[in-house]
Amino acid sequence: MTQSVNVAGLYVRDQDEAVAFYVDKLGFVIHTDVRNGDYRWLTVQAADQPSFQLGLFRPGPPMHDAATAQALEQMVAKGAMPPLVLQVDDCRAAYERLRQRGVEFTQEPVARYGTVDAGFRDPSGNGWKMVQR
């Protein structure tokens with residue numbers, strides 16, 4: 001039996017804002033963008049990683065009631081969700097390229113643990129570590 005993780009999701013406050021960040025700034029491509037009423041299934045992927053999709057989901061119906069959705073949005077905005085990791089060939093070069101595209105970094109590239117890493121957050125507050133291979 002073969003199994004693999006195909007989609008991992010994160011909560012965003014605004015899906016259009018998330019597309020502008022993940023596609024226009026980070027360079028991901030839209031994989032799926034479909035709607036069913038107010039619900040929108042939106043996934044993006046790294047162009048060179050076609051077997052994995054990152055879901056950009058808005059808290060709310062049909063999965064959450066209003067109070068739960070509000071609590072989730074607040075937790076994301078505070079940066080309380082687990083960080084995601086973006087692996088790059090050259091962290092310092094990627095830092096400069098993304099900074100020029102308007103990505104706001106929370107940590108400049110630092111050499112440690114035998115590699116180089118930097119940190120940034122998306123517009124919703126999700127934390128990212130960018131780690132050199």
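Visitor: How many aromatic pairs are there here?

Guide: The count comes to 8 aromatic pairs, taking rings whose centres lie within 6.5 Å. Keep in mind that this is a predicted model.

Visitor: How do I read one such pair?

Guide: A pair of aromatic rings is described by the distance of the centres and the angle of the planes. Take tyrosine 22 and tryptophan 128. Their ring centres are 6.1 Å apart and their planes stand at 55 degrees, so the pair is tilted. Edge-to-face would need over 60 degrees.

Visitor: Which parts of the chain does the pair of tyrosine 22 and tryptophan 128 tie together?

Guide: Tyrosine 22 sits in helix α1 and tryptophan 128 in strand β8. The pair therefore ties together parts that are 106 residues apart in sequence.

Visitor: Are tyrosine 22 and tryptophan 128 buried or exposed?

Guide: Buried means under 20% relative accessible area. Tyrosine 22 has 0%, so it is buried. Tryptophan 128 has 6%, so it counts as buried too.

Visitor: What kind of pair do phenylalanine 105 and phenylalanine 120 form?

Guide: That aromatic pair is edge-to-face. The centres are 5.4 Å apart, with 65 degrees between the planes. Phenylalanine 105 belongs to strand β6 and phenylalanine 120 to strand β7, 15 residues apart. Phenylalanine 105 has 18% relative accessibility, so it counts as buried. Phenylalanine 120 has 1%, and it counts as buried as well.

Visitor: Which residues form the aromatic cluster?

Guide: One cluster is made of Phe21, Tyr22, Phe28, Tyr95, Phe105, Phe120 and Trp128.

Visitor: Tyr95 brings me to helix α3. How do I read a helix with a buried side?

Guide: An α-helix has 3.6 residues a turn, so residues three or four places apart point the same way. Now look at α3, residues 91–100. Cys91, Ala94, Tyr95 and Leu98 are buried there. They cover an arc of only 105 degrees around the axis, which puts them on the same side of α3.

Visitor: What covers the buried residues of α3?

Guide: The cover includes α1 (15–25), β5 (84–88), β6 (105–112), β7 (115–121) and β8 (127–132).

Visitor: What happens at the ends of α3?

Guide: Aspartate 90 caps the N-terminal end. One of its side-chain oxygens lies 3.1 Å from the backbone nitrogen of arginine 92. After α3 comes glycine 102, with a positive phi near 100 degrees.

Visitor: Now the strands. What should I look for?

Guide: In a regular strand the side chains alternate between the two faces of the sheet. Then look for partners. β6 and β7 pair in the antiparallel sense over 5 bridges. Within this pairing, alanine 111 has valine 116 of β7 as its bridge partner. The two strands form a hairpin with 2 residues between them. In that turn, tyrosine 113 has a positive phi of about 55 degrees.

Visitor: How many bridges join β7 and β8?

Guide: They pair over 5 bridges, in the antiparallel sense. Aspartate 117 is partnered by valine 131 of β8. This hairpin has 5 residues between the strands, and glycine 125 takes a positive phi near 115 degrees. In β7, 5 of the 7 residues are buried, so the strand is largely enclosed by the rest of the structure.

Visitor: What is the strand order in the open sheet of 4 strands?

Guide: The order is β1-β4-β3-β2, with mixed pairing. The edge strands are β1 (7–11) and β2 (29–36), and each pairs on one side only. Helix α1 lies across β1, β2, β3 and β4, running at about 5 degrees to β3.

Notes. Residues are numbered from 1 along each chain as its sequence is written. This is a predicted model: local features need pLDDT of at least 70, side-chain atom pairs count only at pLDDT 80 or more; totals for chains, interfaces and linings use all residues. Side-chain values use heavy atoms; hydrogens and water are left out. Buried means under 20% relative accessible area, exposed over 50%, partly exposed in between (1.4 Å probe, protein chains only). The arc is that of the directions from the helix axis to the C-beta atoms. Contact means heavy atoms within 4.5 Å. A polar contact is a pair of N or O atoms within 3.5 Å; within protein, one must be able to donate a hydrogen and the other to accept it, and residues adjacent in sequence count only if both atoms are side-chain atoms. Rings of Phe, Tyr and Trp (its six-membered ring) pair if their centres lie within 6.5 Å; planes under 30 degrees apart count as stacked, over 60 as edge-to-face and the rest as tilted. Two strands pair if DSSP finds at least two bridges between them. Axes are lines fitted to C-alpha atoms, for helices over the stretch in contact, and angles run from 0 to 180 degrees between N-to-C directions.
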